[in-house]
Amino acid sequence: LVPLAGADLLIRSFMRLQAVELGFRPESLLTFRLTPSGANFREDAQYSAFYREVAERAGALPGVEAVGVINTLPLVKGPTTAFQVEGRPPLTRDKWPSVNYRSVSPDYFRAVNVPLSKGRALDVRDNEAAPLAVVVNQSLARRDFAGEDPLGKRINFGGTGPDGRPVWLEIVGVVGDVRSIELNSVPMPEIYTSYLQVP
């Protein structure tokens with residue numbers, strides 16, 4: 001009876017996890033990890049050029065509909081950062097809200113079917129020559145911009161430019177929540193930058 005009861009609980013837990021909304025569609029997706037290193041990879045531009053070429057070549061293969069690049073796949077714990085919002089009362093760095101940080105290619109959201117809720121997704125215009133742009137998920141919009149429209153707001157990760165002023169990134173879009181750590185955890189607030197701007 002004990003093994004049967006344990007098996008029953010295991011099956012029920014498995015069925016509950018199967019019903020969890022991932023925030024993306026894993027059907028027909030192929031993922032792999034690339035970690036370039038060596039003498040050809042000493043500057044940010046070299047990494048960006050490498051991933052751009054890989055995405056272009058993969059996108060040209062027969063049957064491929066879209067190619068996306070991301071620093072950390074969904075359902076994998078990745079890097080976090082903290083930020084401040086322009087125009088709000090200044091806080092000490094330890095009080096800044098913490099978020100999951102993702103760096104993505106222009107076609108990433110389309111490749112994994114993450115829905116756009118508001119504004120626009122990052123695209124090829126968001127390159128090193130353009131003003132810095134970010135996309136946030138719905139959890140971050142609810143937590144940090146409750147009752148406000150996050151589009152057009154600017155945030156800073158703590159960096160400063162050569163003039164000593166904060167480097168601001170403008171929120172241009174809001175996307176759906178993605179399970180970023182594990183299936184039984186609620187979606188975390190996330191920020192997405194363009195890997196063309198922040199390699």
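This is a predicted model: local features need pLDDT of at least 70, side-chain atom pairs count only at pLDDT 80 or more; totals for chains, interfaces and linings use all residues.
By class, how many nonpolar, polar and charged residues does the lining of the second largest pocket have?

The largest pocket holds about 1400 Å³ of space. Its lining counts 42 residues, and those closest to the centre are L30, T31, G68, V69 and L73. Two helices, α2 (44-59) and α3 (108-111), each give at least two residues to this lining. The largest share belongs to α2, with 6 residues. Sorted by class, the lining of the largest pocket has 26 nonpolar residues, 10 polar ones and 6 charged ones.

Now turn to the second largest pocket. The volume here is about 240 Å³. Lining it are 15 residues, of which R52, A55, E56, P106 and Y195 are the closest to its centre. Here is the reply to the opening question: the lining of the second largest pocket has 8 nonpolar, 3 polar and 4 charged residues.

The structure holds 1 cavity of 30 Å³ or more. About 40 Å³ of space lies in the largest cavity. Find it in the model by its lining: I70, T72, P74, R102, Y108, V178, S180, E190 and Y192. In this lining, 5 residues are nonpolar, 2 are polar and 2 are charged.

Finish at R102 and E190, which are among the residues that line the largest cavity.

Note on methods:
Residues are numbered from 1 along each chain as its sequence is written. Side-chain values use heavy atoms; hydrogens and water are left out. On a 1 Å grid over the protein atoms alone, a cavity is a set of points where a 1.4 Å probe fits but cannot get out, and a pocket is an open set with protein on both sides within 12 Å along at least five of seven lines; lining residues have an atom within 4 Å of a point. Grid points are joined across faces, edges and corners, and a volume is the space filled by probe spheres set on the points. Helices (H or I, at least four residues) and strands (E, at least two) are DSSP runs, numbered from the N terminus. Ala, Val, Leu, Ile, Met, Phe, Trp, Tyr, Cys and Pro count as nonpolar, Asp, Glu, Lys and Arg as charged, and the others, Gly among them, as polar.
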